[in-house]
Amino acid sequence: MIQQNKYSIFAFAFFAFLALNFGSCSSDDSSLDEDVTIDENDETDMSTDDLAINVDASYFLTSDGTVTITTVPCTLSDGTSTDCYEIVTNSLPSDHNMGPWCPGNISDDDTAGGIWLEGGEVYDVDGAFVENMAEFYNDSNWLMYDANGDIYITDTEDDCINAANPDVGEAYENFCVECLPSYITNLSQTFTIPVTPVAQSTDVYFSTAGQGGGPGTVSTLPSTRGVALNGIEFSAPAPTDNILGAYTLAPFDDAGGHINVHQGYHYHAATGFSTTIAQEDGHAALIGYAMDGYGIYEYTDADGNAPTGLDDLRGHTDDTRGYHYHVDEAGNNNFINGLHGAYAE
């Protein structure tokens, strides 16, 4: 489990919402759709082209058939015609277990539940966390258990769907929302990423809401941040304000993932459970690829050092990996902040 002293939760206020500098990032002269949100103050060094490192399909876990990868022609957001990898996954990780999410009783320890991401911190969702939510959030309306200490948990697929609805009704207030793998046995997800990243002259930022929309963005901007090497989606930030605002809790498991029936199992944080590719020079390990084909690496290197010199996207460049990203700290409910390269439309 990821440990957080359960008695320390009272010390935190209500929810507020990378290692050496390898040099600055550079990009080519390609342009994006004028409606895309861009950094108009971009002072990226254009004197040297980015070292484009191809996506290595052999790193993905395909041996058991849960992930398949084919090469397909594609057109990127800047109009580039190229080859992409089409990654099809059943949205169930083959390298670690899923769950648990909700503890059953307020007496349960941290092995019975998952985690919650709040104000930059990672909390164990044990019985004590649920018991003390009213004090944690300074709101007496929180009471997610009965007189016996049993926690109210969604226990059917319909309940999972209804409780995960943005307009969840009062019937699901004070429920711990737990959607199970059995609900998504027939689901598959397809992700398309360029084999060779194509750097852009301007960076594209995800909206603050984490859904790839909002003012100044285009509808083709993906909300998905990237794909882990086990085929699981690196998702946009979880809408924790909406979840909490309906007096529900939708915990993540220790791997930072949970399930909905449309998206399947997906991650909202990198906590060290999924497959990694260690780097010979001690650099942070590769954990997946962003939707623009640039690598996403762990937050810290082999010695536990955080990276420095990151740009606003959480990326930088070195001579081995070219431009690449470092994932955000788990408690921030975030992976990366935008895309440096063109993405498949």
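This is a predicted model: local features need pLDDT of at least 70, side-chain atom pairs count only at pLDDT 80 or more; totals for chains, interfaces and linings use all residues.
Student: Got it. And what counts as a strand here?

Tutor: Strands are DSSP runs of E with at least two residues, helices are runs of H or I with at least four, and both are numbered from the N terminus.

Student: How many bridges are there between strand 2 and strand 6?

Tutor: Strand 2 and strand 6 have six bridges, in the antiparallel sense. Two strands pair if DSSP finds at least two bridges between them.

Student: What order do the strands of the sheet come in?

Tutor: The order is 1-2-6, with three strands making an open, antiparallel sheet. Strand 1 and strand 6 are the edges, each pairing on one side only. Neighbouring strands here are turned by 30 degrees against each other on average, with direction ignored. That angle is between axes, which are lines fitted to C-alpha atoms (for helices over the stretch in contact); angles run from 0 to 180 degrees between N-to-C directions.

Student: New topic! How many disulfides are there?

Tutor: Searching the whole structure turns up three disulfides. A disulfide is a pair of cysteine sulfur atoms within 2.5 Å. Counting bonded cysteines along the chain, the pattern is 1-2, 3-5, 4-6.

Student: Which cysteine is joined to cysteine 74?

Tutor: Cysteine 84 is, with an S to S distance of 2.0 Å. Cysteine 74 is in strand 1 (residues 67–75) and cysteine 84 in strand 2 (residues 81–89), so this pair links distant parts of the chain, ten residues apart.

Student: Is that disulfide right-handed or left-handed, and why?

Tutor: The torsion about the S-S bond of cysteine 74 and cysteine 84 is about 75 degrees, so the disulfide is right-handed.

Student: And the torsion for cysteine 102 and cysteine 176, what is that?

Tutor: About -90 degrees, so that disulfide is left-handed.

Student: What about cysteine 160 and cysteine 179, how far apart are their sulfur atoms?

Tutor: The sulfur atoms of cysteine 160 and cysteine 179 are 1.9 Å apart. Cysteine 160 lies in helix 3 (residues 157–163) and cysteine 179 in the loop between strand 5 and strand 6 (189–194), so the pair ties together parts 19 residues apart in sequence.

Student: Is cysteine 160 buried or exposed?

Tutor: Buried, with a relative accessible area of 1%. Buried means under 20% relative accessible area, exposed over 50%, and partly exposed in between (1.4 Å probe, protein chains only). Cysteine 179 is buried too, at 5%.

Student: Now the rings. How many aromatic pairs does a search find?

Tutor: The whole structure has 16 aromatic pairs. One of them is tyrosine 172 with phenylalanine 175: their ring centres are 5.9 Å apart and the planes are at 65 degrees, so the pair is edge-to-face. Rings of Phe, Tyr and Trp (its six-membered ring) pair if their centres lie within 6.5 Å; planes under 30 degrees apart are stacked, over 60 edge-to-face, and the rest tilted.

Student: Which residues form the aromatic cluster?

Tutor: One cluster is made of Tyr123, Phe129, Phe136, Tyr137, Trp142 and Tyr247.

Note on methods:
Residues are numbered from 1 along each chain as its sequence is written. Side-chain values use heavy atoms; hydrogens and water are left out.
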